Amino acid sequence: MKTIVAGNSQDEILQAAKILRTGGLVVFPTETVYGLGANALDGSAAGRIYAAKGRPSDNPLIVHLADPEQAKEYCFPTPLFEKLAARFMPGPLTVILPKKDCIPETVTGGLDTVGIRVPSHPTAKALLQACGLPIAAPSANLSTKPSPTRVEHAVRDLYGRVDMIIDGGPCIIGLESTIVKLTGEDSMTLLRPGGVTYEQLCEICRNVTVDKAVYSRLGDNEKAEAPGMKYRHYAPSAQVIVVEGPHEAVIRYIKQKSVAASCGVICFEEDKTCFSGPVFSLGSRLSTEQQAQKLFDCLRAIDGQKEIERVYAFMPETGGLGLAVMNRLVKAAGFIIEHVKEEE
Ligand code: TXA
Ligand code: MG
């Protein structure tokens, strides 16, 4: 398939809108990560997304809207949804609600619920407005690869597999949206942490439960609330090991372990000079925003250096956006975490 790589001028957005209206696939930027979009009302268009990504058909797609007001056309919103929408939409939040019949099962992987998100990125908004459709879009990476935070990531994974790729520059947040499932009038489950933090959700809702899959690997017989959370994800071909403990002890431990040239380190900017091998900086230890922006870039950079067989990574702080950084990093590590104590 011929892929057009375009900028985000009004003409190019109109061209992309036309592709979407005629059943094609368009990669577009959002504030979280790049998305791979198709008409969410057209089951066969959505089916092409699964083929382009190599995505299992039981892993549902998020439906993107220009305005939260439109949600009632596609699902059954509740008062808690309205509260969340007033505070966080447009923005990096996806809310799972019971779906209406107009959303095809291909989009929801056979589930009777649908994930609704209203992105804030100006190009995503312009595209949604120009096509006048809800857009079903997963992250624009090949299945199992880290989500694309720069257009070149999407080009590397999907060139030749989609009709158009719109370049909107690097994504500001860098990790995918927060996903919540509403479970009652004043209760919800956090299925995937992201740009809207657990603490912010607690300001709106009394009972926020964090799903087990955020912290730990699900057993073979356990059902994932968000089907995507059960799949291997983000992992570079090198083995990633996350190290947790008092900061100085972690530095000493990783220094000892990472002497071989085949061993890389994912660390904070402040600690970069402690290590001699290939080092990948997550940005400042004090900025979870920087860590979120850089994590997927680091994982892709590691994949680009084939001689690296093993990578040691610092465990980030888990407050605020740090919970999302921790979740993606431990998933990349297949939940392998080593704990060090002061004296080691
Ligand atoms: O920031 C984002 O959310 C990006 C941008 C493009 O919007 N999209 C994204 O989509 O990350 P994707 O497909 O890579 O991740 C969607 C996750 C998957 O884990 C999927 O299982 C879950 O959302 N999901 C979607 N619909 C669901 C539903 N009805 N019930 C439970 N989980 C759902
Ligand atoms: Mg994804």
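## An exposed arginine and its loop

A residue counts as exposed when its relative accessible area is over 50%. R217 has a relative accessible area of 56%, so R217 is exposed. The model described here is predicted. R217 sits in the loop that runs between strand 11 (207-210) and strand 12 (239-244).

The side chain of R217 comes to 2.6 Å from the backbone oxygen of G334. The C-alpha atoms of R217 and F335 lie 6.5 Å apart in space, while the two residues are 118 apart in sequence.

## Backbone geometry

F335 belongs to the loop between helix 11 and strand 16 (337-339). Its phi is positive, about 65°, although F335 is not a glycine. F335 is partly exposed, at a relative accessible area of 22%.

T144 also calls for a look at phi. The value for T144 is positive, about 80°, and T144 is not a glycine. T144 is in the loop between strand 7 and helix 7 (151-158). With 32% relative accessibility, T144 is partly exposed. A cis peptide bond is found between M89 and P90, with omega of about 0°. P90 is placed in the loop between helix 4 (79-88) and strand 5.

## A buried aspartate

D303 is part of helix 10 (residues 288-303). The cut-off for buried is under 20% relative accessible area. D303 has 13%, so D303 is buried.

The side chain of D303 reaches a backbone atom, the nitrogen of S237, at 2.8 Å. Setting aside neighbours within four places in sequence, D303 is in contact with K145, P236 and S237.

Which strand has five of its five residues buried? Strand 3 (residues 35-39) does, so strand 3 is largely enclosed by the rest of the structure.

Strand 3 pairs with strand 2 (residues 26-28) in the antiparallel sense, over three bridges. The two strands form a hairpin, with six residues between them. In this pairing, F28 is opposite G35 of strand 3. Strand 3 also pairs with strand 7 (residues 135-136), again antiparallel, over two bridges. There, N39 has I135 of strand 7 as its bridge partner.

## Nonpolar cores

The largest nonpolar core holds 101 residues. L84 and L201 have the most contacts inside this core. Helix 11 (residues 322-332) gives the largest share of the core, seven residues.

What does L201 contact, leaving aside neighbours within four places in sequence? The list is L84, F88, L93, T178, V180, M188, L190, V196 and V208. Another core lies apart from the largest one. This other core has 17 residues, including I19, L20, V26 and I166.

## The largest pocket

The largest pocket has a volume of about 670 Å³. Its lining is made up of 44 residues. Closest to the centre of the pocket are R55, N59, P60, I62 and R192.

Several elements each supply at least two lining residues: strand 4 (62-64), strand 5 (93-98), helix 5 (105-108), strand 6 (113-117), strand 9 (178-184) and strand 10 (187-192). Which element gives the largest share of the lining? Strand 6 does, with four residues.

Definitions and conventions:
Residues are numbered from 1 along each chain as its sequence is written. Chains are lettered from A and ligands numbered from 1 in the order in which they are written. This is a predicted model: local features need pLDDT of at least 70, side-chain atom pairs count only at pLDDT 80 or more; totals for chains, interfaces and linings use all residues. Side-chain values use heavy atoms; hydrogens and water are left out. Buried means under 20% relative accessible area, exposed over 50%, partly exposed in between (1.4 Å probe, protein chains only). Two strands pair if DSSP finds at least two bridges between them. A nonpolar core is a set of buried Ala, Val, Leu, Ile, Met, Phe, Trp, Tyr and Cys residues joined through side-chain atoms within 4.5 Å. Contact means heavy atoms within 4.5 Å. A polar contact is a pair of N or O atoms within 3.5 Å; within protein, one must be able to donate a hydrogen and the other to accept it, and residues adjacent in sequence count only if both atoms are side-chain atoms. On a 1 Å grid over the protein atoms alone, a cavity is a set of points where a 1.4 Å probe fits but cannot get out, and a pocket is an open set with protein on both sides within 12 Å along at least five of seven lines; lining residues have an atom within 4 Å of a point. Grid points are joined across faces, edges and corners, and a volume is the space filled by probe spheres set on the points.
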